[in-house]
Each structure stands twice: as structure tokens, then as C-alpha cells.
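Look at the fold below and keep it in view while reading.

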Amino acid sequence: MKPKGTDPRILSLAAEVAKSPEQNVPVILLKLKEIINTPLGSSELKKIKQDIYCYDLIQYCLLVLNQDCSRIQGGWTTFSQLTQIISHCCVGLEPGEDAEEFYTELLPAAAEHFLVLERRLQTCFINAAKGEEKDELLHLFQIVTDSLFWLLEGHVQLIQNVLQSDHFLHLLQTDDVQIGSTVMTMLQSILQINRSKRTKMLLKLNKQKEEEDHKLQLQLQRQRALRLSRELRLSMLEIVHPGQVEKHNREIEDKSALIIQKHWRGYRERKNFHQQRSSLMEYKAAVTLQRATLKFLAKCRKKRKLFTPWRGLQELSDARRVELKQQVDDYVRRHPSTQMSDVTSRELHSQAQEQLQHYLMGRVLQERAEQHREALMAQISTNIEQLMKAPSLKEAAGKEPELFLSRSRPVAAKAKQAHLATLKHIQAPWWKKLGEEAGDAIDVPKDELSIELGTLFIGGTKPP
């Protein structure tokens, strides 16, 4: 049955193969190399390989390998390229309904044709006289060997057929060093594939055995638990009065139902928590970003207001000017001004200038203090977040503890002083601690403190 939605390139190629004479078919089949090397997705490439197999193009390639090399255009080069096409089409192919024919007939036939082609190339290589011709034949022999190895790597069940083949035995018995080294390299690779296959099978068997043992243990534990529960129930029934048996059974059923509900609700809540954890983290991240964005926009608006140039007054109409002049006259009439001398006005003006300058300087200092406060708050929240996410001392490794050293010399010195005082108090003899209370301060001599501080590492500075 032909597949639906076949690639038009494969349809045209199959039609061309069917109409062309026999001597032109090998060159036409070489176009498959361009089709399978097209950069497509894995599903599309599998579909192309299925179409190639369904239209019997792989079988045509195998039939071409049986023909005489002298009658084909390109000779041995065409044969080697056809082996590459066959191996690439067979590896990763899902035959579908014809799986039995593909695995039992086509793949063993392909491996056998590759070995026969290698023997023919070996014979031509031995009989060749020119050095260039021998090099070309050796290169083609290696291409066919690589194609066979690629086929065996994709279908490990063919290794047994290859190792039992007479053609492979003849290849191993060759007297030529170059051919023999190529065949021995392939043999080593085949043995490594076979060994890895056995290792995987052993691991799979061991895993299956462990799973079966685990299931058996669980079954035994369940049977033991059921037996113990039944024995306990029988012993309780022997103790309980016959008239109270029904009541006792109801109580046991209620307790069992409560236990089942408790475990089920716990499982359901844990599952809901794990599902909502990602959305909760996204919500917190969105809130943090929005807060930072709003602060940044507020700062930008504030700076824009401070540095906005004077644009002048808007033009007023005549009616608006008359209205404003009338308002000013009314205000002057209601609030008559007192006469002021020039000296007093100059003093008042200088006072106003001083107050304005003081206000502007104070506002700059206040803005700097606000920025410093925000930086400290950001540093504190960063340190708190690092401390919350910090690993325990058992899990800490490398330079992780150095990340939590203080960047302030006074703080580090004070911490070192408290640490030394505590150590000294612990190491002191018992008779020196008589009469002390829990809240008493511990004094440390300044000489010892300066000696210890000389070797103190302060976070953010280099040691002397």
C-alpha cells in the first residue's frame, strides 16, 4: 500500500527509474543522496525514508550492486555512493506493516551485498598496477566499510550474520596490509558494539530483576501487614463484649476513613503547592520589576522637573488681561501696602536670597541622603536574600563562605573582638568565672586585640 502525502521528488524519481533503461538507473538513484541529506526535522526525514522503502528504491539500489562495474557510469564510485544511500535509508527506518520482510530479508541482503562488493574491490585493488588507481580503490573500500559499519550500528542484530559470513572470513585472510588493517578496524568496532549491546542487556536484566524483587518485597510487606491487622482485629474481637462488636467496628472504620482522608488531603495540598510555586515566583518577580520601574520613572520625572528650561508665559487675550488687572486692583485695594525704605527692602531681599540658597543646598543634601538611604536598603535586602539562600556549613564548599564576610572594617573588627572575647572566656579557668553573671561584658586586653587584628581579613580588602 502506497503512503499518502508522498514527497513529489520521490514520486518523480520512482517514475524516472521505471521509464529509464537499465544502464541509466544507477546514476538516477544517486539523486536519493540529495533528498536524504536535506536539512529537515526528524519526523519529516522518517517519512521520506518510509516513502523510499515503499516505492522499492532501496531494492533497486541492491540490484544495481550485482551488476558489472564496467557497464555502469561512474564505476566503483557509483557503487560506493549507493552503499552510503542504502545504509542511511535503512538506519532509522520504520517499515510499518512490512517489518518482518524488512528485518528478515532486506537487511541481511544489504549486509551480504556490502561484503560481496568489498571482496570485488579487494580483488581489483590487488590486481591494480598503478599507485593512483590503488589509492582510489582503497578509498572506495573504506567508504563501503564505513557504510557497512553504519548499517551494523543501527541494526545490531546483523552483527551475527556478518561474523558468520564466508565473505567476511575471506576479507580477514587477505595478505594486503592496508586492506587487512581496514577490516581489522571494522572488526574491533563491531566487537565494541556487540559488547555494549551485551552490557545494555545485562543492565536491563538487572534492572528488571531489581524491580521484580522490589515488587515482591512490597507484596510480602502488604501481606504481612494484612495478616497482622487481621490478627489484631481478632484479638480485639475476643476482648470486646459481643454487644459492643458492631460499635467497635464502626469506630475502626471511622478512624480508617480519617487516616485515608488525612493522607489524601496532604497529598492534594502538596501537589497544589508545587503547581502554584512557579506562578507565585512569577508574581513576586513581576511585583519586584514593577516596583523598580515605578521608582525609576519617578526619579526621571523629578529630574525632568528640576532641569526643565523656562518656556515663558502663554499669550493672553485682551479680555483675560483686563480680568487679571481688575483682580490685581481689587487685591491692592483690599490689602494696602505699607511704605518701605530702600535699606529695608534690600535687607529683606538679601534675607530672602539667603533662605532660598539655604533651602536649595538643603534640598541637594536631602536628595543625596535619600539616595544613600536607598542604596543602603538595597544592599541590606541583597545581603538578606544571600543569607536566606546560603547553604549550611556542611554543604558549603570552595569560596562560598568568603561571600558573607563584612565589607566594613568597624563591623568586622567588632565581630572579631566579640569572637576573641568569647573564646578567651571559654578557655579561662573556672575560678576566674566566679561571681560573673550572664549579662556581664567580657574585657579583652588591647595588646591581644591588636595582635589578632593584625592578621584579620576584612571582606573587600586585600590582606597586608
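A residue is called buried under 20% relative accessible area, exposed over 50% and partly exposed in between, using a 1.4 Å probe and protein chains only. Asp 56 has a relative accessible area of 35%, so this residue is partly exposed. Its phi is near 60°, a positive value in a residue other than glycine. Most residues other than glycine have a negative phi.

This is a predicted model, in which local features need pLDDT of at least 70 and side-chain atom pairs count only at pLDDT 80 or more, while totals for chains, interfaces and linings use all residues. Residues are numbered from 1 along each chain as its sequence is written, and side-chain values use heavy atoms, leaving out hydrogens and water. The pLDDT is the predictor's confidence in each residue, from 0 to 100. The protein averages 81, and 87% of the residues score at least 70. Over residues 449-464 the pLDDT is below 50. Where pLDDT is low, the predicted coordinates should not be read in detail.

Now to the rings. Rings of Phe, Tyr and Trp (its six-membered ring) pair if their centres lie within 6.5 Å; planes under 30 degrees apart count as stacked, over 60 as edge-to-face and the rest as tilted. The structure holds four such aromatic pairs. In one of them, Phe 102 and Tyr 103 have ring centres 5.1 Å apart and planes at 75°, so the pair is edge-to-face. Phe 102 is buried, at 0% relative accessible area, whereas Tyr 103 is partly exposed at 37%. Together with Tyr 53, Phe 102 and Tyr 103 form one aromatic cluster.

How values were computed. Contact means heavy atoms within 4.5 Å.
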